[in-house]
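Dear colleague,

I am passing on a structure that may be new to you, together with some notes on what was found in it. Please keep it open beside this message while you read.

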Amino acid sequence: MSSVTHVPPEGTNIMLTPQFYTIKRESIPVKYSYQAKRIAPSLFEGLLEEAEYKYFVSKEEDGWLFIAYDEEKIKTFLEQKGIMPEQISKVYFAEQASEHFTAPVLLGEKEALVNLNGTMTVVPQVALTLDEKTMQVSTELTPKKGVTFEGRGESFISSNEAYTLAAIFMLFAVIYFVEGSRYGGENAAEAAEIQTLLEDYPSLQSSYTRESIATKYKTIDKKERKKRDMIKALSHMIFKGSTLTSLSIGNKKFQAEFACKDANVAKKLKELAKKEKFNTTKVANSNDIKIEGTL
Amino acid sequence: MRELKRYKNELIIGLTLLLLLIAFFYKQVQVSGESSSGKDTATSLQELKEVISLKKIWGDKKITKKVEKLKTILPPSKVQWSRKSKKLTASFKNITPQELNKLMVKIMNLAVEIEKLDVKKSGTSYQVELKCKW
């Protein structure tokens, strides 16, 4: 093959002849390409020379077509012919279009590419019969799937690294967007809730009114809750042997008197009152206990 | 076009990194909004809810009706009732410990300001005097 003098600026497609790849056709029970690609290296074990191979798989009617190729070797060859890796759009393998090769394709002056029983093979042109018709490679032969080569020495990062990094950045970007919108949404939801509440309670629209109502009711709430808590605490002091004989609750203090059956009951009552931080006094000449406290 | 293709990987990374930065700043703006005006909004909402709930309890418009029900839990013969507008003076006489218990529970559950509550035992029964307002 002579050197290529002109490559279109938009790039060119390459169809590789069998010298550049090794094929294997296998009927294996896998459904997807990525599964087939995963087992491809094991299929070529012991068949290939020492090199770093890449694999291409394609589904065929009866099974899978596996192709192993040495990207570096192909690039080197193409560079020698004046085609830089970054000028290549897609790379295809002649095997992929074997059914279209109905006649030999002449490769330079000595060799020809022929379809031998369904497998693409390079043969010397002398092996062709003299009157055999030949065909030209055209865009009609372009298979649906191909491989892309990375530019050599131009890119600082390999495709794999680039895609991995891009995926990580995208993932974080999505997380940040979701979090951001959640914060924004919360704020808006709270503002909307305030609006709804103010519509339901128009008298609370002024902050002055709100403050004055809050102060008024908070004072009442605190005082009245204290009274009720005190009554609840005193109710726990009524048990077997202890009877409430009087209770007086005012605005600032309270006083209760309990009749106790004996000294033990009086002691227990005193302990309970102490727990509630109430003041206790013993009524003279009896077991009765007087409990007092402030509100 | 060829130049773009040559640096395709860098372009992919650059664009996604740019997107990441935009997303990050978007989040920061939202978070700072949340932490300043957002915090104020949250506080206002909490305060408003508190005022509303206090108002519902202590400014209940149906409280007069609820207070009136207090009269009916004991036989009329045991109740002396005097209500003027939003002030009540009531006395309950000769009530059993069970009735006292019931009465106290009712009083405690009423959102009224208890000005005076006197309970006195005489024999086996109790006398209760209640002064409250709302």
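In α3(A), the residues Ala162(A), Ala166(A), Phe169(A), Ala173(A), Tyr176(A), Gly180(A) and Tyr183(A) are buried, where buried stands for 20 or more other C-beta atoms within 10 Å of a residue's own, exposed for 12 or fewer, and partly exposed for anything in between, with C-beta atoms placed from the backbone. An α-helix has 3.6 residues a turn, so residues three or four places apart point the same way.

Before going further, please note that this is a predicted model, in which local features need pLDDT of at least 70, side-chain atom pairs count only at pLDDT 80 or more, and totals for chains, interfaces and linings use all residues. Residues are numbered from 1 along each chain as its sequence is written, while chains are lettered from A and ligands numbered from 1 in the order in which they are written. Helices (H or I, at least four residues) and strands (E, at least two) are DSSP runs, numbered from the N terminus, and two strands are said to pair if DSSP finds at least two bridges between them.

To return to the helix, α3(A) has 42 residues and reaches 60 Å from its first C-alpha to its last, which is close to the 62 Å expected at 1.5 Å a residue, the expected span being 1.5 Å times one less than the number of residues. In the loop between α3 and α4 of chain A sits Gln205(A), which counts as exposed because it has 10 C-beta neighbours inside 10 Å. From C-alpha to C-alpha, Gln205(A) lies 9.5 Å from Gln195(A), and the two are 10 residues apart in sequence.

The contact between the chains takes 52 residues from chain A and 44 residues from chain B, two residues being in contact if their C-beta atoms, placed from the backbone, lie within 7 Å. On the side of chain A that touches chain B, α3 (159–200), α4 (207–235) and β9 each supply at least two residues, and the largest share, 21 residues, comes from α3(A). That side of chain A divides into 26 nonpolar, 13 polar and 13 charged residues, where Ala, Val, Leu, Ile, Met, Phe, Trp, Tyr, Cys and Pro count as nonpolar, Asp, Glu, Lys and Arg as charged, and the others, Gly among them, as polar.

Strand pairing also crosses from one chain to the other, for four bridges join β9(A) to strand β3 (residues 113–122) of chain B, and these strands run antiparallel. Within that pairing, Ile249(A) stands opposite Leu117(B), and the bridge partner of Leu247(A) is Val119(B).

Leaving aside its neighbours within four places in sequence, Leu103(B) is in contact with Ile73(B), Leu74(B), Phe92(B), Ile95(B) and Val128(B).

Phe56(A) has Ile67(A) in β4(A) as its bridge partner, and six bridges join β3(A) to strand β4 (residues 64–69) of chain A, which run antiparallel. These strands belong to an open sheet of three strands in the order β2-β4-β3 (chain A), with antiparallel pairing, whose edge strands are β2 (21–26) and β3 (54–59). Elsewhere in chain A, six bridges join strand β7 (residues 111–116) to strand β8 (residues 119–124), again antiparallel, and they form a hairpin with two residues between them, where Asn117(A) in the turn has a positive phi of about 50 degrees.

Chain B, finally, has four helices and four strands, which follow the pattern α-α-α-β-β-α-β-β along the sequence. Of its 134 residues, 24% count as buried.

With best regards
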